Structure formats: structure tokens, C-alpha cells
Number of protein chains: 2
Amino acid sequence: MTLKYSRQREAIKDFLMTRKDHPTADVVYSNVRTEFPNISLGTVYRNLTLLADLGEIARLRVGDGVDHFDADTSPHYHFVCSDCGNVIDLDMDSIDYINQTAAKNFNGQITGHITYFYGLCPHCKEKKLKALS
Amino acid sequence: MTLKYSRQREAIKDFLMTRKDHPTADVVYSNVRTEFPNISLGTVYRNLTLLADLGEIARLRVGDGVDHFDADTSPHYHFVCSDCGNVIDLDMDSIDYINQTAAKNFNGQITGHITYFYGLCPHCKEKKLKALS
DNA sequence: ATATCTGCAAAATCTTTGCATTTAA
DNA sequence: TTAAATGCAAAGATTTTGCAGATAT
């Protein structure tokens, strides 16, 4: 199972790299379709899974029942807006030490954690402030 | 929309309270079915959603694509075994202050976070140790 | 009496997969 | 040439929903 080049796969990854908003498979599909009108949703899913397995992209599960994808595989945290659902990168210090906190009274082995924050994104917060004034 | 008593709903909640392993809707269904052989999966889902909305149970999303449910609504963290998939309660100090860490360079409003830890549960860790010795 | 709840089945949503064909190497 | 990738459509898995009948208040 050697990897073989595919223009579709490259287009999928290229598209993801242009976006900072962590699109879903469906969004990837409709966008890549402007370049490859015949691409199928199955191909999009297959390639997203493949790229994620290769570690070239990250699969994000933020609890909305849909997978999001991120071309930025560097360790960072995400924020999910409770109002609009947007997923935003957070520029914050590492909190990896919470693994130690969790390990204190635990007999298993903790190798990592998944964390995302929620609340109001800057845009929705502004909107709410205006509505109240 | 006043709440009306239902034996099915009570059985669902009672079952959840007997379990510490955060069952899925399907597991709830097959267990409650021993008491109510005619209960439908739809009723189970409807009541789990209702109970979660009422805050009487918690809905857990740990990234495996299936919702888990927990009768323990007190704030606590969960561990998901990467090998067996089991979801275990962690007895650990609060890490709520990570909200402040996240808020530092963020213009929106952070109201909370979702965190779960992963690695090897005590049982799978033991098994792996034995296999290597 | 009547609003809520149920069982059933159908549908909705998201994702995976089988297969014949195309394509990269 | 041939293993991998694609498009298409069908199937899987999980969850939601419409509706007619049952049930709690």
C-alpha cells in the first residue's frame, strides 16, 4: 500500500491550508468541487481520513456530531462558539501539565488530553452587547 | 410543556444510576428492555435528551462518535482508554483555571471547557505489562 | 379532557464501503 | 503492468421525528 499521488488529495489539502476555520468534510467537498466538479464525497472522506492517519492534517471532534479538519497540526487549542458554532484557534500557553493533575490518583497511564473551550466568540459577543445597549 | 411522569423515563434514569461506566443509548436500550420489553429506541433517545436538558443526567462526547450518558452530574473529568474504549471517572483536582489561561489572548467570552484524558486504563495497562514480561 | 408520552417506522445526518473504471508510477 | 485512487451508489451507524394510540394528571 504505497502512496500514490492524486490531484484530488492535493486539492483537498491545499484547500484546508487556505482555511483557518476548521471546515467539515461537506464544506471541503463543496469547495474542492469548484476545481474538480466530478469529485465524490467518498473520495473526500477517504482522503481526509488518509491525511489524518498520515498526520498531515488533524481531525477535530468538538462535540457537534460532525468531524472538523485542520491543516494546522501543531499542538494548539480550540474554541467553539456556543452561538454560531464556529471553531477558532486559541493562542494560549500550554496546559499539558493537567495530565499530571489527572494522573495523581489514577492507576492507568495518561498519555494526553483533549480540551476545547466554549462560550461566545468575539463576533457573537459583540452582537450580544449591542443588542443589550 | 409540563413534565408528566413516565415509568420508562424513570427506568432509564434508574438504570443509569446503577452504572459507573457511562453507557451509550444503545446499552441503555438493551438493559431497560429487560424491564420494558416493548420500549423503543426512540423513547430511550427522547428521554435521554430530555433528562440531559433538565440537567438530571450528563451527555458525554468523548470523540468516539457515540454519545455516552452519566447519571453523575457533579463536575468531574473522564478518562477514555485508547485500547478498550472504556470511559472512567477521574478523581482529580479542579482545573477550571485553564479557562483563564485560554482567555488571556482571546477577545470573546470563555464560559467553560470540555476536557477528557486518554491513555491506558488500569486494566489494559496491566495486560500490556504482562505481555511484555 | 387533554397535553404528554409511547411504540413504530420512516427519515435525517454523517460516514464508510463495494465495485468497476481510471490513473500514477 | 499493476497497485492505488476515483466516482458512483449502496449500505452502515447513530440519532431524530411524524403520527396514531396509550397514559398520566
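The largest nonpolar core of this predicted model comprises 28 residues, with Phe79(A), Leu90(A), Phe117(A), Phe79(B) and Phe117(B) making the most contacts inside it. Such a core is a set of buried Ala, Val, Leu, Ile, Met, Phe, Trp, Tyr and Cys residues joined through side-chain atoms within 4.5 Å, where buried means under 20% relative accessible area (1.4 Å probe, protein chains only). Two or more residues each are given to this core by strand 3 (77-81), helix 4 (98-103) and strand 5 (109-120) of chain A, and by strand 3 (77-81), helix 4 (98-103) and strand 5 (109-120) of chain B. Helices (H or I, at least four residues) and strands (E, at least two) are DSSP runs, numbered from the N terminus. Beyond its neighbours within four places in sequence, Phe79(B) is in contact (heavy atoms within 4.5 Å) with residues including Phe106(A), Ile110(A), Leu90(B) and Phe117(B).

Sugar and phosphate make up 73% of the atoms of DNA strand C that come within 4 Å of the protein. Helix 3 of chain A gives the largest share of this surface, five residues.

Phosphate oxygens of DNA strand C lie 2.8 Å from a polar side-chain atom of Arg9(B) and 2.9 Å from a polar backbone atom of Asp67(A).

Residues are numbered from 1 along each chain as its sequence is written, and chains are lettered from A and ligands numbered from 1 in the order in which they are written. Local features need pLDDT of at least 70, side-chain atom pairs count only at pLDDT 80 or more, and totals for chains, interfaces and linings use all residues, while side-chain values use heavy atoms, leaving out hydrogens and water.

Notes:
Buried < 20%, exposed > 50% of the residue type's maximum accessible area, 1.4 Å probe, protein only. Near = heavy atom within 4 Å. Polar contact = N/O pair within 3.5 Å; in protein donor to acceptor, adjacent residues only side chain to side chain.
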